[in-house]
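Hi,

Here is the structure I promised to pass on.

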Amino acid sequence: MATSSSAKLAGDAASDSMETGFSGKLTGMLALSVFVSVIGCSFQFGFQNGVLNTPQKLLQDEYRYGFQSSEQTNDTQPVLSEDQTNDTQPVLSEDQTVLLWSVTVSIWAAGGMLAGFTGGFFATKFGRKKTMLVNNVFLLVGAGLMVAAKYAQTPGLMIAGRIVLGISNGYSTVVAPLYLNEISPINLRGAIGTLHQLGVTSGILIAQVLGLKQVLGNLEMYPLLFGMPAVASLIQLLLLPFCPESPSWLYITKSKPQKSKEALISLRGDTNVDEQLSAYNLEVTEIKQQAKLSFASMFKLSHLRTPLLIAIVLQLSQQFSGIIAVLNYSTSIFISVGLEENESQYATLGTSGILVTMTIISVGFMDRIGRRPLHLGGLSGCLLSMILITIALFMQEKYDWAKYLSIVALVLFIVMFAIGPGSIPWFITAELFDQTARPYAISLATLVNWLANLISGLVFPYMQRGLGLYVFVPFIILLALFAIFTYFKVPETKNKSTEEIVAIFQSADQSKHSIHQKDETANSAYQMKDL
C-alpha cells in the first residue's frame with residue numbers, strides 16, 4: 001500500500017525521535033486534572049454503558065407491570081418478581097415490553113452520536129473546561145429523569161433520561177480525550193490517554209456491582225442506582241474549577257500565550273516551559289498558512305483524509321472486535337461449565353474485573369512499547385481468542401475440555417482487548433492531528449464509535465440466533481482485516497510531537513503529488529514524441 005513505508009518508518013524512528021515538545025513528570029496538578037476529567041467524563045460513560053445490564057429483568061418487569069410497588073396491598077397487583085405472586089396482570093404485552101426496552105437501551109447511543117458530532121465545535125468555541133462543566137447539567141438532568149420514572153410510573157421518563165445521558169456521555173467521549181491529550185507531557189501522553197479507557201472500564205464494573213440484587217438492583221433501591229452518577233458529577237463540578245485549561249487551546253485557538261504559559265507552569269510544576277511554547281508558536285505559524293478547515297476539509301485534503309481514515313478504522317476495530325459479543329456470551333459460557341445462573345453473573349463480573357486490571361497494566365506499556373505494536377498485538381490476540389472460542393463451541397458437546405477452553409479463550413480475549421483496541425483508539429485520534437483539525441477528527445471518530453456501538457448492540461442478538469455456532473466467524477474476519485490495516489497504515493506516535501506526527505502524512509502526501517507530477521511529465525513527453 002502507498003503509505004506502508006511511512007508507517008514502518010515512523011515505527012522505526014519512534015525511539016530516537018527528536019522531541020520538539022516538552023517532556024515532564026506527573027505533578028500534583030496534572031494528577032488532579034486527569035482524575036477530575038476521568039471521574040467526571042470517562043467514568044460516567046462507562047457507568048451508563050453497564051448500568052442496565054445486571055437489573056435488566058427487573059426493569060423489564062417494571063415496564064410490563066406498570067411500575068407497581070411491591071408494598072401495595074390494594075386491588076392493584078404488585079410488579080412480578082421472585083418474592084411476589086404470579087397472578088399480576090401486565091399492562092403491556094411481551095412484544096410491547098421488548099420494544100420499549102430496546103428503545104431505552106438504543107436511544108442512549110442515539111444521544112451519544114448527536115453529541116459526538118457536535119462536541120468538537122463546543123470544545124473549540126468554549127474550551128475544554130467549560131464544555132466539561134456545562135456537560136454536567138445534561139448528566140444531572142438525565143439521572144434525575146431516570147430516578148423520577150419509578151415514581152411517575154412511566155417508561156417515557158426512563159427513555160428521556162437515557163437520551164439526555166447519551167448526549168452527556170457523547171460530549172464526554174469527545175472532550176475527555178482532547179483535554180487529556182493536551183495537558184499531557186509527550187513522554188506520558190500514552191499512559192494518561194489510556195486512563196480514559198480505565199475510567200470507562202471502571203465505570204462498567206462499578207455499575208454491574210451496584211446493579212446486583214443484593215446491592216441496589218432491587219425493586220426498592222434501583223432509583224438510587226440511577227442517581228449514583230450525581231456523585232461523580234458533583235466531584236467534577238467542585239474540583240474542575242481549580243484545574244487549568246488546555247494550554248494548547250489557550251495559545252493556538254484563543255491567542256492567549258500568557259494564560260497558556262501559566263497553565264503549563266501549573267501542570268508541569270516548572271517555570272521552564274519555553275520549549276513547549278515554541279512548539280505552539282510553530283504550530284500557529286503553520287496553521288496560518290492553511291485554509292480554514294471544516295468537516296468537508298477532513299475528507300477533501302489528503303493529508304487529513306489519511307489520518308482520519310486511520311482514526312475511524314481504529315474506532316471500528318474497537319466496537320467490531322467482538323467485545324460486545326464476548327461480554328454478552330460470557331454468562332452462557334460460564335453456565336456451560338456447570339455454574340448456576342446467579343453464580344455465572346459473578347463470573348461475568350470477574351471478566352469486567354480482568355478488563356479493569358489489564359487496562360491498569362497497559363498504562364505502563366503504552367509509552368514504552370508504543371501504540372502501533374500494542375494495537376496490532378491486541379488485535380492478533382483477539383483474533384486468536386475468537387478462533388479458540390469458535391472451536392470450543394463446536395467441540396463442547398463431545399468433549400468436556402472444550403468448555404474450559406472457551407473460558408481460557410474468553411479471558412485471553414479480555415486481556416488482549418484491554419492492551420490494544422480497548423484503549424488506543426480513544427487517544428491516538430487526538431495525537432494524529434494538529435490543534436485546528438483535532439476537534440473535527442475527534443467528533444467524526446466519536447460519531448463512528450457510537451454508531452458502531454449501536455449497530456453491534458442491535459445486530460448481535462440476530463447474529464446469535466441466525467448464525468448459531470458460527471456467531472463469532474464475522475468477528476474473526478473483521479479482526480484479520482483490522483490487523484492488516486494496522487500493519488500497513490498506522491504509524492507510531494510514541495514520543496512524537498504534534499508537528500512530527502502531522503509531518504508523516506504531509507510528507508506522504510507530497511510524495512504522492514511528486515509521483516503524480518512525474519507521471520504527467522512522462523506522459524506529456526511520450527505525446528510530444530508521437531507528434
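**What I found**

Q48 sits in helix 2, which covers residues 28-50. With a relative accessibility of 3%, Q48 counts as buried (buried is under 20% relative accessible area, exposed is over 50%, and partly exposed is in between, using a 1.4 Å probe and protein chains only).

Before going on, note that this is a predicted model, so local features need pLDDT of at least 70 and side-chain atom pairs count only at pLDDT 80 or more, while totals for chains, interfaces and linings use all residues. Residues are numbered from 1 along each chain as its sequence is written, and side-chain values use heavy atoms, with hydrogens and water left out.

**The overall picture**

The protein has 22 helices and zero strands. Both are DSSP runs numbered from the N terminus: helices are H or I with at least four residues, strands are E with at least two. Of its 531 residues, 55% are buried. Among contacts with a separation of 6 or more, 83% are between residues 24 or more positions apart.

**Helix 2 against helix 7**

How do these two helices pack? The angle between helix 2 and helix 7 is about 45°, and their axes are 7 Å apart. (Axes are lines fitted to C-alpha atoms, for helices over the stretch in contact, and angles run from 0 to 180 degrees between N-to-C directions.) Helix 2 and helix 7 are therefore oblique to each other; under 35 degrees would be roughly parallel, over 145 roughly antiparallel, 65 to 115 roughly perpendicular, and the rest is oblique.

On the helix 2 side, the residues that meet helix 7 include L30, V34, V38 and F47. Their counterparts in helix 7 include I192, L195, H196 and L210. By class, this contact has 13 nonpolar, nine polar and no charged residues. (Nonpolar covers Ala, Val, Leu, Ile, Met, Phe, Trp, Tyr, Cys and Pro; charged covers Asp, Glu, Lys and Arg; the others, Gly among them, are polar.)

**Salt bridges**

Side chains of opposite charge can pair when their charged atoms come close. A search of the whole structure gives seven salt bridges, each being a side-chain nitrogen of Lys or Arg within 4 Å of a carboxyl oxygen of Asp or Glu.

One of them joins R128 and E182, with the closest N and O atoms 2.8 Å apart. R128 is in helix 5 (residues 128-152) and E182 in helix 6 (residues 155-183), so the pair ties together parts that are 54 residues apart in sequence. Both R128 and E182 are buried.

Another salt bridge pairs R189 with E431, at 2.7 Å from N to O. Since R189 lies in helix 7 (residues 189-210) and E431 in helix 19 (residues 424-431), this pair ties together parts that are 242 residues apart in sequence.

E431 also forms a salt bridge with R371, whose closest N and O atoms are 2.6 Å apart. Here E431 in helix 19 is linked to R371 in helix 17 (residues 371-395), 60 residues away. Through shared partners, salt bridges join R189, D367, R371 and E431 into one network.

**One last spot**

E499 is in helix 22 (residues 498-530) and is buried, with a relative accessible area of 13%. The C-alpha atoms of E499 and E283 are 7.2 Å apart, although 216 residues separate the two along the chain.

Cheers

How values were computed:
Contact = heavy atoms within 4.5 Å.
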